[in-house]
Amino acid sequence: MSWLSVSFETAADHVEALADALTDAGALAVDVSDAAAGTSLEKPVFGEPGSAVEHPWERGLVTALFPADANLPAAMTQAFRAAGLAREVPYRVERVDDKDWVRATQSQFVPQQISGRLWVVPSWHTAPDPDAVNIVLDPGLAFGTGAHPTTRLCLRWLAVHLRGGESVIDFGCGSGILAITALRLGAAAASGVDIDEQALLAARSNAVQNQVAVQFHDAADKLGSPARIVIANILANPLRVLAPLLARLTEPCGRVVLSGILAGQADEVNAAYLPWFDMDTTEHDDGWVLLSGVRKQVPA
């Protein structure tokens with residue numbers, strides 16, 4: 001069995017109407033992403049907290065999957081008209097052959113060596129170095145597999161700076177990889193916080209798989225005591241907004257570790273934390289940066 005994949009770029013303001021119109025015209029599935037994904041111009045799907053704009057994309061990449069026998073010219077004309085476009089947008093068509101999608105997806109994830117003693121290993125792979133600290137992970141709905149530069153930056157920071165016995169809060173935990181890794185590297189306690197219930201479910205499953213006891217909480221719940229290390233791999237604008245909260249969650253003389261920041265955003269994020277932290281470290285990976293700092297002593 002095979003399908004037809006249709007893809008095109010369009011102004012971000014049109015993508016939602018086009019996605020609905022394509023479904024009505026017979027598309028089996030529609031995917032919408034940032035046309036600048038993978039570049040320094042990549043932006044989140046919707047405005048981050050504190051952002052003045054609701055849809056920061058300039059261009060959207062729309063991909064629709066149709067049955068192999070679909071009348072594509074008619075379907076696309078119908079979709080463009082229903083979305084209110086004055087003229088049709090040029091589009092590309094590719095035939096997608098059937099395959100073992102599970103194996104195809106798994107082949108994209110291989111063991112990754114983060115540092116000399118730290119690996120992230122998909123559950124279906126054998127650990128290349130059984131004596132290393134191997135974090136077993138099932139890539140799924142939650143962000144955080146170790147493949148993205150922002151996650152690698154955080155994992156490397158933990159591998160270098162964690163001494164053992166610390167308490168750690170992973171704010172915006174996604175898959176739970178950072179909290180899990182912290183415990184495997186010797187932290188005394190770790191907890192994770194996220195707004196996404198699917199992420200929390202994935203994180204709890206990953207913790208069980210790695211045989212560590214991490215407490216994962218919804219961000220709406222009352223958070224616990226401050227921690228020695230607070231690590232947050234989110235996005236620049238949420239990190240700026242969260243500065244007072246993350247400061248409250250960090251013990252005096254404890255450390256905050258911030259990732260999910262593009263190089264051009266580093267100065268603004270850094271400035272947001274200066275009232276509470278002595279910021280010091282900046283580390284780089286493929287256009288992304290990690291910032292960290294020490295919590296200032298709270299006046300008596």
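**Close-up views of a predicted model**

**View 1. Ser 175 sits in the loop between strand 8 (167–171) and helix 5.** Helices (H or I, at least four residues) and strands (E, at least two) are DSSP runs, numbered from the N terminus. This is a predicted model, where local features need pLDDT of at least 70, side-chain atom pairs count only at pLDDT 80 or more, and totals for chains, interfaces and linings use all residues. Residues are numbered from 1 along each chain as its sequence is written, and side-chain values use heavy atoms, with hydrogens and water left out. Ser 175 counts as buried because its relative accessibility is 3%. Buried means under 20% relative accessible area, exposed over 50%, and partly exposed in between (1.4 Å probe, protein chains only). The side chain of Ser 175 reaches the backbone nitrogen of Ile 177 at 3.4 Å. Such a polar contact is a pair of N or O atoms within 3.5 Å; within protein, one must be able to donate a hydrogen and the other to accept it, and residues adjacent in sequence count only if both atoms are side-chain atoms.

**View 2. The largest nonpolar core holds 36 residues.** A nonpolar core is a set of buried Ala, Val, Leu, Ile, Met, Phe, Trp, Tyr and Cys residues joined through side-chain atoms within 4.5 Å. Leu 162, Val 168, Val 214 and Phe 216 touch the most other members. Elements giving two or more residues to this core include helix 4 (149–161), helix 5 (177–184), helix 6 (197–209) and strand 12 (250–262). Apart from it lies another core, of 24 residues, among them Ala 227, Leu 242, Val 256 and Ala 272.

**View 3. Leu 162 and its contacts.** Residues up to four places away in sequence are not counted. Leu 162 then touches Arg 117, Trp 157, Val 168, Ala 182, Leu 185, Gly 186, Ala 187 and Ile 229. Contact means heavy atoms within 4.5 Å.

**View 4. Helix 4 is largely enclosed by the rest of the structure, because 10 of its 13 residues are buried.** Among the buried residues are Pro 149, Arg 152, Cys 154, Trp 157 and Ala 159. At 1.5 Å a residue, the 13 residues of helix 4 should span 18 Å, and its end C-alpha atoms are 18 Å apart, which agrees. The expected span is 1.5 Å times one less than the number of residues in the helix.

**View 5. Val 15 is found in helix 1 (residues 15–24).** Its relative accessibility is 6%, so Val 15 counts as buried. Leaving aside neighbours within four places in sequence, Val 15 is in contact with Thr 10, Val 32, Gly 60 and Val 62. Val 15 and Gly 60 are 45 residues apart in sequence, yet 6.4 Å apart in space, C-alpha to C-alpha.

**View 6. Two residues other than glycine have positive phi: Cys 253 and Asp 286.** Most residues other than glycine have a negative phi. For Cys 253, in strand 12, phi is about 70 degrees. Cys 253 is partly exposed, with a relative accessible area of 33%. For Asp 286, phi is near 55 degrees. Asp 286 lies in the loop between strand 13 (277–285) and strand 14. At 64% relative accessibility, Asp 286 counts as exposed.

**View 7. A search of the whole structure finds zero disulfides.** A disulfide is a pair of cysteine sulfur atoms within 2.5 Å. Cys 173 counts as buried, at 5% relative accessibility.
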